[in-house]
Amino acid sequence: MKHTRKIVGALTILLVASLMIWMPADLTNTAGQAGQRSAAGLTGASQQASSGVEQWIGEAVTPVLTQAARDLPPTEALPQLDREVNPRMNFSGNLVKDFDPPNGPDPLLALQEAAPAAQPDGFSTPIHNFNGQGYTFVNPPDTVGDIGKDHYVQMINATRVAIYNKTTGALAIPAFDLTALGGCATGNGDPIVLYDQLADRWFLSEFGAGNSLCTYVSQTPDPTGAYYSYQFTTPSFPDYPKYGVWPDAYYVTTNESTPAMYAFDRAKMLAGLPATSQRFTAPDLAGFGFQALTPADLDGMTPPPAGTPNYIMRHVDTEVHSVSGYPSNDILEVWAFSVNWTTPASSTFAKIADILTAEFDSTLCGLTSFYCMGMPGVAQGASASLDPLREVIMNRLGYRNFGTHQALVGNFVTDVGNNYGGVRWFELRKTGAGPWTLYQEGTYAPTTTDNRWMAGISQDGAGNIALGYNTSSQTIYPSIRYAGRLATDPLGTLPQGEYTLVNGSGNNGSNRYGDYSAMGIDPIDDCTFWFTGQWNSGSQWSTRIGAFKFDACGTTNFTLAATPASLQVCTASNAVYTVSTAAVGGFVGSVNLSAVGNPGTAAFAPNPVTPPGNSTLTISGAPVGSYNFDIYGSSVITPSLVQSATVALDVVAAAPAAPTLLTPANGALNVPATPTFTWNAAAGAASYSIQVATDAGFSNIVASASGLTSPTWTSNVALNTSTTHYWRVWAGNTCGVGAYSATWSFTTLTAPGDCSPGTTPNVLYTTGFEGGIGGWTTPAGTGVNTWAISTANPYSGAQHMRGVDTASITDQRLVSPAVALPTGQNPVVLKFWHLPNLENSGTTACFDGGILEVSTDGGSSWTQVPNANLLVGPYTGAISGSFSNPLAGLQAWCGPTTAAYRQTIADVSAYAGQTAQFRLRIGTDSSLGRTGWDVDDVMVQSCSAPTAVELSRVEAASSQSPVAPLGALPVAAALAAGLAALGAGYTLRRRQ
């Protein structure tokens, strides 16, 4: 089967090469980048590491003010040979071969089947339903659009922009080529259009030449006017960009050598000033060659709470992506991107939640096929069937702040059974300072022999949801339908539908379909959904634009929210809240504000306030105590329209007292390496800080945290085992920082390979390869031997050893210097850190793999170290015997690209009294390589009896405050936490 794949892959490359001969010059630079959906302008390789998180900072880009769109001549798509503008290429080594288990039916189908019948509602009748732009001699169209106050703007590949009068549906000006605006080098497709509702401006984007993104921000609210044009250079080709509007940046995710995400300085771009960019990467997922995350895009006029990061998501099919431990669940990952434009090094990107979902199935006709969705006369999975686009959460990930909670809605395609696609949709919610949680999810597939995919989803101001999507099957030509739910409908269901926007009447002539659609919300009424997508009246695609709304949305009203939800102040200080209002359903007029139950004197400025608008509430003269009180808003015109929000206020008189420590108990033994610390809450405390050190003087802090809001913390690093540690806690509030707690100690458990109590480690040999290969050798085996010093992915320091997993048969050998192993110093262990990114076969077997061997006769004979002697980090599984791997049948290490460094500890006590050498061997088969085997920090250690014992004790804790005499101690704790993060593999790279 592997040889068959190789032949098919070669034919595919020949086909793509033949297409390149007659494609336009700026669409033919296809530099072999893995997993691309877009071939335009590919140059160079990613500068990012293959795993972990890395920051890249772009130089400031000076914009060009374009001519007005209304002054451009009409643009027509000139007839030419049909071409695939964005060839989808999955050359990544992440692919899981032939993985398409018989799954189904989807576990959420029964929930939808039990939904109540739809009630009569205007949602069933589109307000607008008209054809958008037509065929431009490329596939796919990448149909996208958004709605503003007066216009609907649609974009399609090639790259055409059409601006419609949203009242009449007529073109406001003739459609034009985006690059004709000027200011950005030749564009190459993958268009995006977003309406920035907070600024009343328009954002347009497409690829630029080479590795770049062309972005345009309208100079005024009028999309037919001029734009500020920015061309942001990227370190890799930014394939499949998806954007989100956020108060502090325009965020964009891309498919690069690893999933990448950028922030563009929105404030500077809106002002037409030079703007910088920042970029982070996320770890790859095994199983997909094409990988991209999806950023949150703001709906409504209520912004997220101040300082809120942009939320970025992807879905994880645990079976496909080799994530163990979830046999009955899959995962939605939520990442947080916090950008700091003043101090870029303070920007952060981190995963904040793994949210468990019901099982979904990404194996639509396997994981590598670009063919799946059938059409009349085209069987499901046949060579002319349509691309399922299984890999991403679809455009857009809609964010909305309802005041009482924040919400995210998104969707992706899933196999509902027998390789038919259905839409898995979800709503996440976040209340106050709590975490993101799954509020509801469902699978929409009212018939399981028809495909539904390529969807867009949004939520209106009343909390109702609409889903637009494509459908096709043996009896349905590619068409567009939609469904929805009222906020009061049973959770996990879309009972309102299924309704048809347009019925297709022909099969699409290319397997490439969609790549995405778009669902937006009218900013005027915050109720009307606008959807655009591809459909087919013949073999050449068409696009459609439709608008629809629920009767239940649009009741004249307003929203009211207050931030922060909870506040602490010191006596004699004022408490200040921001009260935000927004109009719903055409609300006009002002809102009177009042506070009820507040502990002091309340003053609003301004009062009344006109939505959308903010007022500042100041509470003065409040005595010491904890309070909850209500903020009310009432319409000046219609006093019966009332909204409210509850906030908390804590007034304290002094810095908090020292906390009392609870666990681990003072002097505790056998404490886990990642202990959970607890202490008694200190009266008046707003936050806590903690330090863990290996000495009572806290000169060597190994773990720390600050800003903790609860009296408990689990260590953010794994502590050294068999080691005595010391810890202390202090509390702070708005009045200041309190005194340190007592200092307690504990000893971590003895781990496999540790020296027993009473003995000390005796390092016999150690290297981190910082000085080069040292005494290691790379004798010949079979094929090329690629073992060499590398700087690509060290576990620590700057260098490590790497052996490449080639796509040909090899037996690659790396041999250590001779090490004399003493007697009577057991255990004698070999420890090393490694990342075996070698081609796996599922989670328990290998196609390519690495093994460990030992020799005591100068290398004349070698014995594999068996699993029984691997105290930590055992082999993954046996190497397949099917594809001529020289190590076939042996237990070995292998794994996906997303794996992290692991430690292996091998007990070699059996060789005590002898001189030993250790050999690492990579065996590869006849095809499909990976990055290879990274090895670092090798140590051989024995345990010797001590010559002396020194007793020490922990001195009684001082009552000294962390701020006296050294007021910066909490900052030092934060610095220690930052250094720990850097030690864990986070790096900062500034673009030169």
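A salt bridge is a side-chain nitrogen of Lys or Arg within 4 Å of a carboxyl oxygen of Asp or Glu. The model is predicted, so that local features need pLDDT of at least 70 and side-chain atom pairs count only at pLDDT 80 or more, while totals for chains, interfaces and linings use all residues. Residues are numbered from 1 along each chain as its sequence is written, and side-chain values use heavy atoms, with hydrogens and water left out.

**View 1. The salt bridge of Arg400 and Asp526.** Arg400 and Asp526 form a salt bridge in which the closest N and O atoms are 2.9 Å apart. The pair links distant parts of the chain, 126 residues apart: Arg400 belongs to strand 22 (residues 397-401), and Asp526 to the loop between strand 30 and strand 31. Strands (E, at least two residues) are DSSP runs, numbered from the N terminus. Both Arg400 and Asp526 are buried. Buried means under 20% relative accessible area, exposed over 50%, and partly exposed in between, with a 1.4 Å probe and protein chains only. Elsewhere, salt bridges that share partners join Asp811, Arg813, Glu853, Arg919 and Arg921 into one network.

View 2. In one of them, the side chains of Asp522 and Lys166 meet at 2.8 Å, N to O. Asp522 lies in the loop between strand 30 and strand 31 (529-536) and Lys166 in the loop between strand 8 (160-165) and strand 9 (176-177), so this pair links distant parts of the chain, 356 residues apart. Asp522 is buried, with a relative accessible area of 6%, and Lys166 also counts as buried, at 12%. Another salt bridge is formed by the side chains of Asp354 and Lys351, at 3.2 Å from N to O. Here Asp354 counts as partly exposed at 40% relative accessibility, and Lys351 counts as partly exposed at 37%. Side chains of opposite charge can pair when their charged atoms come close.

View 3. On a 1 Å grid over the protein atoms alone, a cavity is a set of points where a 1.4 Å probe fits but cannot get out, and its lining residues have an atom within 4 Å of a point. Grid points are joined across faces, edges and corners, and a volume is the space filled by probe spheres set on the points. A search of the whole structure finds 7 cavities of 30 Å³ or more.

View 4. About 70 Å³ of space lies in the second largest cavity. Its lining includes Tyr765, Trp776, Ser816, Phe832 and Val940. At least two lining residues come from each of strand 55 (829-837), strand 63 (915-924) and strand 64 (930-944). Strand 64 gives the most, with 3 residues. By residue class, the lining holds 10 nonpolar, 1 polar and no charged residues.

View 5. A cis peptide bond joins Asn139 and Pro140, with omega about -5°. Pro140 is found in the loop between strand 5 (138-139) and strand 6. The peptide bond from Ala605 to Pro606 is also cis, with omega near 0°. Pro606 lies in the loop between strand 37 (601-605) and strand 38 (613-620).

View 6. Leu389 is not a glycine, although its phi is positive, at about 50°. This residue lies in the loop between strand 21 (348-358) and strand 22. Leu389 is buried, with a relative accessible area of 1%. Asp515, likewise a residue other than glycine, has a positive phi near 25°. Asp515 is found in the loop between strand 29 (496-502) and strand 30, and is buried with a relative accessible area of 0%.

Note on methods
1 Å grid on protein atoms, 1.4 Å probe; cavity = no way out; pocket = protein on both sides within 12 Å on 5 of 7 lines; lining within 4 Å. Helix = DSSP H or I, 4+ residues; strand = E, 2+ residues; numbered from the N terminus. Nonpolar A, V, L, I, M, F, W, Y, C, P; charged D, E, K, R; others polar.
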